[in-house]
Amino acid sequence: MTAGQECEAPRLWQDAFDSLIAPVRLVMRTSPVDVPPPAITHLGYLSLLLVEAGPSQLSRTPRHIARSPGERVAVALQQSGTALLTQDGRSAGLEPGELVFVDPRRPFTLDQRESFRMLLVSLPRQTLGDPADHLFRLTGRAVQGRSGVVGLLIPYLERLSLLAGQVTPATGDLLAGNTVEFIALLADELLGRDQEPPATTRARLVPRVRDYIDRNLRDPDLSPERIAEAHYISVRYLHRLFEGEGTTVGRLILRRRVEECARELTRRERSSPTVSTVARRWGFHSPAHFSRAFKGVFGMPPRQWRRARAPEEDLPGPERPRDAQRAAVN
């Protein structure tokens, strides 16, 4: 092909961008025959896309957006070569060691002017929390890695891209949460905002987390890690959300389980379940753990609490006092 002539990108490239970021138009200005496929690594809900090629252009048009609005955000780190990103009426010239936010909900053009190497970090929009609603203020703006949060983030991302394929899935989930929190921290710094979860984010997320806990109390594996993963946030961010709630996430889970156990233990039914059955039903692994947790909330063991609140004839056989059981037999 002649210099400056455009050709379609290899199918592997097109599929990678379409699935991991959003549908785009990708053209190359040199022969794509010898272009290596993108290196893709997944860490939980986070995707790392390492691309290396000659001059090329990546663009997302209103037509693309109409077909697929885009539910992910990308952070592009230029590692070699120079590029020009245009979005939201601004253009940013990217030099090696600089990064930029890309928001696929609006049109953009990324023009790689020479042979290049770029790391793209793709993450679900909702994981950023409140900063996601303000990305239009950050796009089309090159961020240099000389100081502040970005000075820590850039070497972290470069190292992460090298080692991400070597970690276990569980570790990958944790790294995804930490990386997203790191990126959100940078967004907050660039926006000049407080780094604590804003009131609007807390007001939106805390009720959702509480509802999720209530709906999953019977799951013995319910944990802060599971909750954070379900809401696309890091565990540390989850704990920060609850700093103003007067409890921790772990204590909230424990208390809600105990409260539901107490509610079930006082139901007056002809055939009431035993204490240990109720404990297992609400996610407690052992009777001893349940007894300690129950006493911590209500000040007495569950069997004593149950006897104090229900007539003896309403209690199941194993729960009755010994004298009452003997009388029932006679």
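**Entry 1: ground rules**

Buried means under 20% relative accessible area, exposed means over 50%, and partly exposed lies in between, with a 1.4 Å probe and protein chains only. I looked up W305 with this rule: W305 has a relative accessible area of 7%, so W305 is buried. I note that this is a predicted model, where local features need pLDDT of at least 70, side-chain atom pairs count only at pLDDT 80 or more, and totals for chains, interfaces and linings use all residues. Residues are numbered from 1 along each chain as its sequence is written, and side-chain values use heavy atoms, with hydrogens and water left out.

**Entry 2: the whole chain**

I started with the overall count. The protein chain has twelve helices and twelve strands. Helices (H or I, at least four residues) and strands (E, at least two) are DSSP runs, numbered from the N terminus. The chain holds 330 residues, and 48% of them are buried. Next I checked contacts, meaning heavy atoms within 4.5 Å. I took those between residues at least 6 apart in sequence; 69% of them join residues at least 24 apart.

**Entry 3: the open sheet**

In what order do the strands of the open sheet run? I read 3-4-11-6-9-12, six strands with antiparallel pairing. Two strands pair if DSSP finds at least two bridges between them. Strands of a sheet pair through backbone hydrogen bonds, either parallel or antiparallel.

I then looked at individual pairs. Strand 6 and strand 11 run antiparallel and are joined by eight bridges. One partner I looked up was that of S80, which is R117 in strand 11. Strand 6 is also joined to strand 9, by five bridges, again antiparallel. There, A74 stands opposite V102 of strand 9. Strand 9 and strand 12 share two bridges and run antiparallel. E98 has Q144 in strand 12 as its bridge partner.

**Entry 4: inside strand 9**

I asked which way the side chains of strand 9 point. E98, V100 and V102 point one way, L99 and F101 the other way, and all are buried. Strand 9 is mostly covered, with five of its five residues buried.

**Entry 5: helices across the sheet**

I fitted axes as lines to C-alpha atoms, for helices over the stretch in contact; angles run from 0 to 180 degrees between N-to-C directions. Helix 3 lies across strand 3, strand 4, strand 6, strand 9, strand 11 and strand 12, at about 85 degrees to strand 6. Helix 4 lies across strands including strand 9, and runs at about 95 degrees to strand 9.

**Entry 6: the nonpolar cores**

A nonpolar core is a set of buried Ala, Val, Leu, Ile, Met, Phe, Trp, Tyr and Cys residues joined through side-chain atoms within 4.5 Å. In soluble globular proteins, nonpolar side chains tend to be buried together. Which residues touch the most other members of the largest core? They are L99, V121 and L128, out of 34 residues. Strand 4 (46-53), strand 6 (72-80), strand 9 (98-102), strand 11 (116-124), helix 3 (148-163) and helix 4 (169-191) each supply at least two residues of this core. Helix 4 gives the largest share, nine residues. Apart from this core lies another, of 32 residues, among them I227, L238, F284 and M300.

I went back to V121. Not counting residues up to four places away in sequence, V121 touches L46, S47, L48, V73, A74, V75, L157 and I183.

**Entry 7: rings**

Rings of Phe, Tyr and Trp (its six-membered ring) pair if their centres lie within 6.5 Å; planes under 30 degrees apart count as stacked, over 60 as edge-to-face and the rest as tilted. The count by this rule is seven aromatic pairs. The ring centres of F298 and W305 are 5.1 Å apart and their planes are at 45 degrees, so this pair is tilted. F298 is partly exposed, at 30% relative accessibility.

**Entry 8: two single residues**

I looked up H64 in helix 2 (residues 62-67). Is H64 buried or exposed? H64 is buried, at 10% relative accessibility. Leaving aside neighbours within four places in sequence, H64 is in contact with P23, V24, R25 and S59.

E95 sits in the loop between strand 8 (90-94) and strand 9. E95 is partly exposed, with a relative accessible area of 41%. E95 and A83 are twelve residues apart in sequence, and their C-alpha atoms are 7.0 Å apart in space.
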